[in-house]
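The following report describes selected geometric features of a protein model.

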Amino acid sequence: MSFLSDLYQEVILDHNRRPRNFGELTDANGMAEGFNPLCGDKVKIYLKTENSVIRDVTFEGAGCAISTASASIMTEAMKGRTLEEARAMFTKFHDMVTGKLEFDPDDEDLQRMEVFHRLSEYPVRVKCATLVWHAMMAALEDQAQAISTE
Ligand code: ZN
């Protein structure tokens with residue numbers, strides 16, 4: 001498929017073959033699921049936060065190479081971030097893949113997601129990449145609610 005060769009095929013295929021942070025997180029305090037009916041991608045996010053910092057985040061699920069690579073890269077990028085940084089990163093990624101934000105090679109957050117920087121040219125595939133990020137935001141909401149009801 002030409003869109004994959006356009007999009008740093010090797011990096012995506014490597015994350016797809018050996019996804020980072022894959023599996024259940026037994027001491028998670030936030031969890032959310034996402035489904036992309038356009039492609040069939042399914043993802044579940046496990047999140048562990050402590051004092052408003054993301055200590056750990058993992059994912060499970062099955063999807064296309066784009067969605068798996070996106071989940072793998074996203075979980076790596078999120079570890080050690082504050083909740084505020086995580087939300088800011090979501091906005092940047094979302095704006096980049098929907099074409100609202102131009103890729104900036106000097107921006108460290110965007111560097112990590114460089115592999116997806118031309119995805120806005122493939123609107124059908126954008127949801128594959130953003131699915132896990134939306135699930136991540138839902139998992140953050142989930143842990144916030146768990147804390148406020150304690
Ligand atoms: Zn997909």
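Does Asn21 count as buried or exposed? In this predicted model, Asn21 counts as buried, because its relative accessibility is 19% and the threshold for a buried residue is under 20%. Asn21 is placed in the loop between helix 2 and strand 1.

**Backbone and accessibility**

Most residues other than glycine have a negative phi. Asn21, although not a glycine, has a positive phi of about 60°. A positive phi is also found at Asn51, again not a glycine, with a value of about 50°. Asn51 belongs to the loop between strand 2 and strand 3. With a relative accessible area of 72%, Asn51 is exposed.

The table lists the accessibility of further residues.

| Residue | Relative accessibility | Class |
|---|---|---|
| Glu33 | 63% | exposed |
| Arg118 | 30% | partly exposed |
| Asp109 | 14% | buried |
| Ser70 | 1% | buried |
| Asp41 | 1% | buried |
| Cys128 | 1% | buried |

**Surroundings of individual residues**

Glu33 is part of strand 1, which spans residues 30-36. Beyond its neighbours up to four places away in sequence, Glu33 touches Val43, Lys44 and Ala135. The C-alpha atoms of Glu33 and Ile45 are 6.3 Å apart in space, with a separation of 12 residues in sequence.

Ser70 is situated in helix 3. Its contacts, not counting residues up to four places away in sequence, are Phe93, Phe116, Ala129, Val132 and Trp133. Between the C-alpha atoms of Ser70 and Tyr8 the distance is 13 Å, and the two residues are 62 residues apart in sequence.

Asp109 is located in helix 5, residues 108-112. When residues up to four places away in sequence are not counted, Asp109 touches Arg81, Met89 and Lys92. Arg118 is found in the loop between helix 5 and helix 6. From Arg118 to Asp107, 11 residues apart along the chain, the C-alpha separation is 16 Å.

**The nonpolar core**

The largest nonpolar core comprises 41 residues. Those with the most contacts inside this core are Ile45, Ile54, Met78, Phe116, Trp133 and Met136. At least two core residues are supplied by each of strand 2, strand 3 (53-62), helix 3, helix 4 (83-97) and helix 6. Helix 6 contributes the largest share of the core, 11 residues.

What is Met136 in contact with, leaving aside its neighbours within four places in sequence? Its partners are Ile45, Leu47, Ile54, Val57, Met74 and Met78. Ile45, Ile54 and Met78 are named both here and among the core residues with the most contacts. Phe116 and Trp133, also named among those core residues, are touched by Ser70.

**Packing of helix 2 and helix 3**

Two packed helices are described by the angle between their axes and the distance between the axes. For helix 2 (residues 9-17) and helix 3 (residues 65-78), the angle is about 80° and the axes are 8 Å apart. Helix 2 is therefore roughly perpendicular to helix 3, the range for that class being 65 to 115 degrees. On the side of helix 2, the contact is made by Ile12, His15 and Asn16. Helix 3 takes part through Ala65, Ile66, Thr68, Ala69, Ser72, Ile73 and Glu76. By type, the residues of this contact comprise five nonpolar, four polar and one charged.

Methods. Residues numbered from 1 in each chain as written. Predicted model: local features only at pLDDT ≥ 70, side-chain atom pairs only at ≥ 80, totals over all residues. Heavy atoms only, no water. Axes fitted to C-alpha atoms, helices over the stretch in contact; angles between N-to-C directions. Helix = DSSP H or I, 4+ residues; strand = E, 2+ residues; numbered from the N terminus. Parallel < 35°, antiparallel > 145°, perpendicular 65-115°, else oblique. Contact = heavy atoms within 4.5 Å. Nonpolar A, V, L, I, M, F, W, Y, C, P; charged D, E, K, R; others polar. Buried < 20%, exposed > 50% of the residue type's maximum accessible area, 1.4 Å probe, protein only. Core = buried A, V, L, I, M, F, W, Y, C linked by side-chain atoms within 4.5 Å.
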